[in-house]
Amino acid sequence: MAKDFLKGVKDHYDVIVIGSGLAGMTGANVLAKAGYSVLLLEHHYQLGGMATWFKRRGGHIFDISLHGFPVGMIKSCRKYWTQEIADSIVQLKGIRFENPQFSLRTTFDRKDFTRLITEKFNIPFETVDEFFSAARKMNFYDDQSTTTRELFERFFPGRSDVVRLLMEPITYANGSTLDDPAITYGIVFSNFMSKGVFTFQGGTDALVTKMRAELERNGVDVRIRSLVEQIEIDENRQVQAVHVNGRRIGCQSVLSNSNIKSTILNLVGPEHFDPEFVEETRAVRLNNSSCQVYIALKPGVGFDNCGDLLFHSEHEGFDIQAMLSKDVSSRTFSFYYPETRPGSDRWMVVSSTNANYRDWADLSEEQYQHDKQQLCEDTLNCLEKYVPDIRQKVDWVEASTPCTFKHYTRHMQGASFGTKFEGLKVSQTLPEQVQGLFHAGSVGIIMSGWLGAVNYGVIVANEVDKYLTPAEATV
Ligand SMILES: Cc1cc2nc3c(=O)[nH]c(=O)nc-3n(C[C@H](O)[C@H](O)[C@H](O)COP(=O)(O)OP(=O)(O)OC[C@H]3O[C@@H](n4cnc5c(N)ncnc54)[C@H](O)[C@@H]3O)c2cc1C
């Protein structure tokens, strides 16, 4: 008989969290610590969503999205998770750019970027300083009509090299383009520039294992292999229950970490919302997806230090269409050394490229397999520039595509970074449409990435808390 992954589950919870991405897990943790009964439902066999890993024969462990996040993760993990988790966050100092316009290494913080832009790109210090201050001051309530392109044009007119330095890493970090609102750029860029790029020592598996232990310590009922099929709403537009693995579980509120569009259009259904809200939801643009190539070296075999993150491009200038093209000319290499998992003897490389879902989803199975193989080959050819004898050293190579991300996280079109900016408003106004229904997860560019997802999980958990305990009940 098939295993019942919901064995022992209660009939009713204060909150049901759908999805165990970083926003879902953080929201669940905050609410459990506040004393609510919380059920966390995840369709996959492991927690983490995009913050995940996989193992392969020979003891190889590959991280999917552990490439770098801003220093703010330390504070967020200390406040909303544990001191132990926060203490494992360390800086990555070797960020490299290799492209036809420039070749450089940086610690990716304001001081070093100011030095580079003034000394290497010959821009006056005052201009650079003003640019950093303008980006730093940006916040969500500012003018949203100025685009990132206009922001760059104001400070660095005609300087495609400077724009590339400032923009390429952010495009890799959250899929944003020059046409997105400048505030999304300013907020994310300034988060990184504050102190540089950080990582979790021990790997994503260690992080998520610690998070799961903390969730369970705080009383969250955690269930994997549990696919939510429906969020049940009554005639007064109030959340009643979720249907999961063919079973109904009652609840006072739902915090969905599933993609915002699928939450509204598939899990609830358009008939439960105002028609204008449905239109607004349908109009939300998904962000792009990704391809990755995972390369493990033979045990104990390494390479000379190549830096930690290398933005490689063969393209003449910053060009978002070229970055998304299936005909890859730009890649980010993450180099992992044994220190990533102290005590290990493994060197690994993960190559990431932004990608369009349709370029992969419409292929025949045969063509799909062929193109994945080709992607592995092309990536090894490119990597040879940095690790000349990679082909002799390699023990395992495989690729993932937008279809892989869709399969494991159920994001529409495998969106790696949720939605474009307009998705944030839909996510935030969801509870005005259906009482007790909340969403937290990658939306609006600024709420994606590890830090954005964790922080949005906290923000929305506070909203759920207010809903469950109205102000008059607490006095
Ligand atoms: C290739 C790649 C590289 C990245 N690199 C970085 C990086 O270096 N730094 C960084 O900060 N960010 C990075 N990111 C982005 C970052 O990983 C994500 O923004 C973040 O992890 C998303 O968290 P989330 O809370 O939105 O949930 P998600 O990770 O999207 O998780 C949602 C969860 O909900 C579950 N779910 C969905 N529907 C259902 C359902 N009906 N029933 C049950 N469960 C359901 C899914 O299975 C999933 O576990 C990267 C992303 C990708 C794809």
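Let's start with a question: which residue in strand 18 does Val254 stand opposite? Keep that in mind for a moment. One caution before the answer: this is a predicted model.

Now, the answer. Val254 stands opposite Leu437, in strand 18. That pair belongs to strand 12 and strand 18, residues 437–439. These two strands run parallel, and three bridges hold the pairing.

Stay with strand 12. Strand 12 covers residues 247–256. Strand 1, residues 12–18, also pairs with strand 12. Here we count six bridges, and the direction is parallel.

Next comes strand 11, residues 239–244. Strand 11 joins strand 12 through four bridges, but this time the strands run antiparallel. His243 is bridged to Arg248 in strand 12. Strands 11 and 12 form a hairpin with two residues between them. In that hairpin, look at Asn245: its phi is positive, near 45°.

A general point about strands while we are here. In a regular strand, side chains alternate between the two faces of the sheet.

Strand 3 is residues 53–56, and strand 4 is residues 60–63. They pair antiparallel, over four bridges. Trp53 faces Asp63 of strand 4 as its opposite number. Three residues sit between strands 3 and 4. Gly58 in this hairpin has a positive phi, near 95°.

Now to the ligand. How many residues are around the ligand? There are 39, and those that come nearest are Gly19, Gly21, Ala23, Gly49 and His67. By class, that shell has 14 nonpolar residues, 23 polar and two charged.

Which elements supply at least two residues each? They include helix 1 (22–33) and strand 13 (289–297).

Last, the record. An unreviewed UniProt entry lists residues 22–442 as "domain: Amine oxidase". Over that stretch, the chain is 41% helix and 22% strand. The end C-alpha atoms of the stretch are 9 Å apart.

That's my tour. Thank you.

Definitions and conventions: Residues numbered from 1 in each chain as written. Predicted model: local features only at pLDDT ≥ 70, side-chain atom pairs only at ≥ 80, totals over all residues. Near = placed C-beta within 6 Å. Nonpolar A, V, L, I, M, F, W, Y, C, P; charged D, E, K, R; others polar. UniProt positions renumbered as here; feature names shortened; annotations may be inferred. Pairing = 2+ DSSP bridges.
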